[in-house]
Amino acid sequence: VKKPKKKKVLLMGKSGSGKSSMRSIIFSNYIARDTRRLGATIDIDLSHVKFLGNLTLNLWDCGGQEAFMENYLSQQRVHVFSNVGVLIYVFDIESRDVDRDMATYVSILSALTQFSPTAKIYVLIHKMDLIMVQAREAVFTERVRLVRQKTTEFIQGSGYTGELDLIPFATSIWDQSLYKAWASIIHDLVPNLSVIESQLESLGILIEAEELLLFERTSFLVVSSWTSNEGHNNPTEDRQERISNILKHFKQSISRFTGTPRNAEQFSLMEHKAGTRFSMFACKFTTNTYLMVILPPGEARFNSAKL
Ligand code: GTP
Ligand code: MG
């Protein structure tokens, strides 16, 4: 029997940048507009998020008001920054004081490299919905460049010898970009994923699928996927996170109609046959996962795959 694994995930960034909003949407079944009701986080909001059954995410949502930040960096420094697996640092793209944000980020980096030098760092450039569509890519690239520059300057000035490889994402709670970032974060935290991946491949080949998506039950994040050669021709590149978003909203709208709790089990099978183009179904797969199967058209293939 495997012991549950505990990983500390720090969620940091200045107050109002959207940390608790993301956490509530991904792990607590909030929809985007529910987050307007969230108050500022006082000190640290600890949660143990159960994931894929035996994996527990030890999530530290750190309130970002200045007094709290100063406290993490001083009195609570060892407590907060030791034993960190992942730091998720959130920048509000609409922030009026970028210099100050960068300075705070570097202080956090300094504490992190001191106590958890092997931690992975995700940088989320958040609230991208507030930037005009045409400008998004340029604004994102420029902000990431700045964060990388500050990171490099910090490394050079600090004598830190490890490698700091930060992984940037543009995110917004108002679209599927949130799911892309969090699926990637989660992907890094799941042990034995290569076993799951090779078994998905065998299954996919066996049932002649074009694509298989394995979703975690409560968050609907894609934890693993397999795509056939044919499936790779699909031009919609953000389809995985789109589907996470769609399934989650589907589940939530069912709960509004039926009055069942939002985190209850809501559907066991969903089917769609798009004529001569493709067919798909999504079903409960294991205790903690849903599976979505995308197939070429054909009744016999569809029925056999379901069986
Ligand atoms: P502290 O707990 O004080 O550190 O703040 P926080 O980072 O937890 O911020 P919180 O999640 O409470 O969000 C603050 C406000 O930002 C809320 O009103 C959210 O609705 C809003 N918000 C969060 N994410 C987004 C986003 O992607 N786009 C937009 N436009 N607003 C967002
Ligand atoms: Mg908060």
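This is a predicted model: local features need pLDDT of at least 70, side-chain atom pairs count only at pLDDT 80 or more; totals for chains, interfaces and linings use all residues.
Ser 20 and Thr 41 are both buried.

## Surroundings of ligand 1

Ligand 1 is surrounded by 21 residues, of which the closest are Ser 15, Lys 19, Ser 21, Gly 64 and Asp 129. Helix 1 is the largest contributor to this shell, supplying three residues. The shell comprises 12 polar, five charged and four nonpolar residues.

Oxygen atoms of ligand 1 take part in several polar contacts. A backbone N or O atom of Thr 41 is 2.7 Å from one such oxygen, and a polar backbone atom of Gly 16 lies 2.9 Å from an oxygen of the ligand. In the side chain of Lys 127, an N or O atom is 3.3 Å from an oxygen of ligand 1. The protein covers 87% of the 660 Å² of accessible area that ligand 1 has on its own.

## Strands 2 and 3

Strand 2 and strand 3 run antiparallel and are joined by eight bridges; in one of these pairings, Ile 44 has Cys 62 of strand 3 as its partner. The two strands form a hairpin with three residues between them, and Leu 52 in the turn has a positive phi of about 50°.

Strand 3 (residues 55–62) is largely enclosed by the rest of the structure, because eight of its eight residues are buried. Leu 55, Leu 57, Leu 59 and Asp 61 point one way from the strand, and Thr 56, Asn 58, Trp 60 and Cys 62 point the other way.

Conventions: Residues are numbered from 1 along each chain as its sequence is written. Chains are lettered from A and ligands numbered from 1 in the order in which they are written. Side-chain values use heavy atoms; hydrogens and water are left out. Buried means under 20% relative accessible area, exposed over 50%, partly exposed in between (1.4 Å probe, protein chains only). Helices (H or I, at least four residues) and strands (E, at least two) are DSSP runs, numbered from the N terminus. Two strands pair if DSSP finds at least two bridges between them. A residue is near a molecule or strand if one of its heavy atoms lies within 4 Å of it. A polar contact is a pair of N or O atoms within 3.5 Å; within protein, one must be able to donate a hydrogen and the other to accept it, and residues adjacent in sequence count only if both atoms are side-chain atoms. Accessible areas come from the Shrake-Rupley method with a 1.4 Å probe; for residues, only the protein chains shown count as cover. Ala, Val, Leu, Ile, Met, Phe, Trp, Tyr, Cys and Pro count as nonpolar, Asp, Glu, Lys and Arg as charged, and the others, Gly among them, as polar.
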